[in-house]
Amino acid sequence: MRVVVIGAGVGGLTVAALLARAGLEVTVLEHHTYPGGSAGTFWHRGFRFDAGATLLAGFDEEGVFTRLERRLGVHFPVRRLAPGEALMEVWLPDGGVVARPVGRAFELEAQRAVFGRGVEGFWRWQEKRALALWRLAPGLPFPPADVKECLSLAQRGLSWALVHRADLLGLLADLVRPTLAHAPAHPGFRRFLDAQLLIASQTDAGHTYALFGAAALDLPHRGPAMPLGGMGVIAETLAQAVVRRGGRVLYRHRAERLQARNGRVEAVEVVLGGRRRGERERLEADLFVANLTPGDLMALLPGAAHQAPPADAWGAFMLHAAIPEAAVPPGALYRQWAGEGEWVFLSLSDPGDTRRAPPGVRVLSASAHTRLADWRGLSEEAYRSQKMAWQERMVRQVERLIPGFRESALCLLGATPRTYQFYTRRQDGWVGGYPQVHPLRTSSPKTPFPNLWRVGESIFPGQSVPAVAMGGERVAALVLDRLGLAQPADAVLEGCASAPGGHRVR
Ligand SMILES: Cc1cc2nc3c(=O)[nH]c(=O)nc-3n(C[C@H](O)[C@H](O)[C@H](O)COP(=O)(O)OP(=O)(O)OC[C@H]3O[C@@H](n4cnc5c(N)ncnc54)[C@H](O)[C@@H]3O)c2cc1C
């Protein structure tokens, strides 16, 4: 059974590694020279910078990466953060700084210290909802892709509803009301919520539906970890797992067109880069998985209509820099500015992570949301001057978090939606998936072709590195189930663990 996965993002590689582990013949096509896409790490002037994602979670006992380590027999090189350690700090307009430590008791204490006891009720609600959702989310077939998934959803939903029957109305209401409905009127606290939800759900507390908001705010308590060597080590480890199981990850291989016959995809046309630039290949397979945005997948399909990113889609402006260790004031590894001007999310490398910078130097990335429309149709000159203006604004904002940053920076590198479009091939540079305004925003992995699946940010549970890995687990389970190879995916995959190399299925 031959499988082609288009795109070596974390979503695509998770499916690829799980399918290769189950004995399928897997080929991953990646247009770029390294894996990871929005969660990749690249070299520039001797430093390793994160292309997009910087903050990692999912290493708790039930977390997706802990599960993948078990299933794939891999080890992700990370440092798990200890309870009490400040994961991030949020800077408010009144000068207050809210720490977000690992562990609920520590977090509650930090919240009380800044906002008073009035926020306790909110956090009690958040904990209850988040725990309920985490119990349900792994492998949840939502929206269902077929009748079997419909039945499984109904079954799981029913037993979950029975467990939570005393609070069921509240839970259902939280699928439609916004997170803000639960927040006390404290303006600083509301600003804190808006800032935190913007990075997790791509919209503010007044628009993020409450159930998603509760889960998104749980991040510090869901196994946060520092990837040693940069976020790209997650994708690199998954790519190695594919190869170790006999699969292939082909870089500089861009899928240009899918060829279909009799309602099934039968091949992909590939354009090669590097030394083989200009060459083309045709690759046949039995199954295809697209780690692409909906519009980018449409563009590969014969006769499909153009599909633009949604009107509320975001792009990112990213500023990468290296600075001497001595210039970094003490504080958390992640710092969010939620005061005047752009809300910047700053991420620092772990002190002493010499895989990213020489001793005594730290690398940092600062990102801000930017509207895609502002970057469309610009002349080269207008683009350059807008990029420089943004870079200057970002430097100013980083200065607020790291005084003296401008003078101490050893190197500066800006990235715009155009940069993302070029390197990750995402349409218009759209990143972050759908803003989570209601639960039906994410789509099913199903496509109009029975042997073509999609994975990544556009399917449940949406954006973030652990979320796309969970989506990858689900797609792998669906594919294996269709082939009659896995009923409960875990049991089959774990059962395979005793047969080194898995078995090949043809
Ligand atoms: C600025 C920024 C900050 C973020 N911060 C965080 C964070 O701190 N924590 C977090 O968890 N998440 C964060 N995210 C989100 C996270 O990075 C993404 O949700 C996740 O990495 C998306 O993975 P994916 O599998 O959907 O696809 P992608 O990462 O988009 O990967 C798709 C891959 O497919 C390749 N490709 C595309 N078209 C083709 C083609 N035609 N042929 C071959 N290959 C192709 C691309 O090159 C890419 O490698 C951030 C994202 C951004 C942009």
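Guide: What follows covers the ligand shell, the aromatic pairs and a few backbone points.

Visitor: What should I know about the model and the numbering before we start?
Guide: This is a predicted model, in which local features need pLDDT of at least 70, side-chain atom pairs count only at pLDDT 80 or more, and totals for chains, interfaces and linings use all residues. Residues are numbered from 1 along each chain as its sequence is written, and side-chain values use heavy atoms, with hydrogens and water left out.

Visitor: How many residues surround the ligand, and which are the closest?
Guide: The ligand is surrounded by 36 residues, and the closest are Glu 30, Ser 38, Arg 426, Glu 457 and Val 465. A residue is near a molecule if one of its heavy atoms lies within 4 Å of it.

Visitor: Which backbone atoms lie at polar distance from the ligand? Start with His 31.
Guide: For His 31, a backbone N or O atom lies 3.2 Å from a nitrogen atom of the ligand. A polar backbone atom of Gly 37 is 3.4 Å from an oxygen atom of the ligand. For Thr 54, a polar backbone atom is 3.2 Å from an oxygen atom of the ligand. A polar contact is a pair of N or O atoms within 3.5 Å; within protein, one must be able to donate a hydrogen and the other to accept it, and residues adjacent in sequence count only if both atoms are side-chain atoms.

Visitor: And how much of the ligand's accessible area does the protein cover?
Guide: On its own the ligand has 1,000 Å² of accessible area, and the protein covers 92% of that. Accessible areas come from the Shrake-Rupley method with a 1.4 Å probe, and for residues only the protein chains shown count as cover.

Visitor: Which elements give two or more residues to the shell?
Guide: Helix H1 (10–21), strand E10 (253–261), helix H13 (417–424) and helix H14 (465–482) do. Helices (H or I, at least four residues) and strands (E, at least two) are DSSP runs, numbered from the N terminus.

Visitor: How do the shell residues divide by type?
Guide: There are 16 nonpolar, 15 polar and five charged residues in the shell. Ala, Val, Leu, Ile, Met, Phe, Trp, Tyr, Cys and Pro count as nonpolar, Asp, Glu, Lys and Arg as charged, and the others, Gly among them, as polar.

Visitor: Which domains does the shell draw on?
Guide: Domain 1 (2–39 + 230–309 + 433–482) and domain 3 (314–429) each give at least three residues to the shell. The domain bounds come from an automatic or database domain assignment.

Visitor: Changing topic: how many aromatic pairs are there in the whole structure?
Guide: A search finds 22. Rings of Phe, Tyr and Trp (its six-membered ring) pair if their centres lie within 6.5 Å; planes under 30 degrees apart count as stacked, over 60 as edge-to-face and the rest as tilted.

Visitor: Why is the pair of Phe 122 and Phe 189 edge-to-face?
Guide: The ring centres of Phe 122 and Phe 189 are 5.1 Å apart and the planes are at 75 degrees, so the pair counts as edge-to-face. Phe 122 lies in helix H4 (residues 120–136) and Phe 189 in helix H7 (residues 187–201), so the pair ties together parts 67 residues apart in sequence.

Visitor: Is Phe 189 buried or exposed?
Guide: Phe 189 is buried, at 0% relative accessible area, and Phe 122 is buried at 2%. Buried means under 20% relative accessible area, exposed over 50%, and partly exposed in between (1.4 Å probe, protein chains only).

Visitor: What about Phe 189 and Phe 192?
Guide: That pair is stacked, because the ring centres are 6.0 Å apart and the planes are at 25 degrees. Phe 189 and Phe 192 are three residues apart in helix H7, about one helical turn.

Visitor: What is phi at Arg 252?
Guide: Phi of Arg 252 is near 55 degrees, a positive value in a residue other than glycine. Arg 252 is partly exposed, with a relative accessible area of 41%. Most residues other than glycine have a negative phi, and most peptide bonds are trans.
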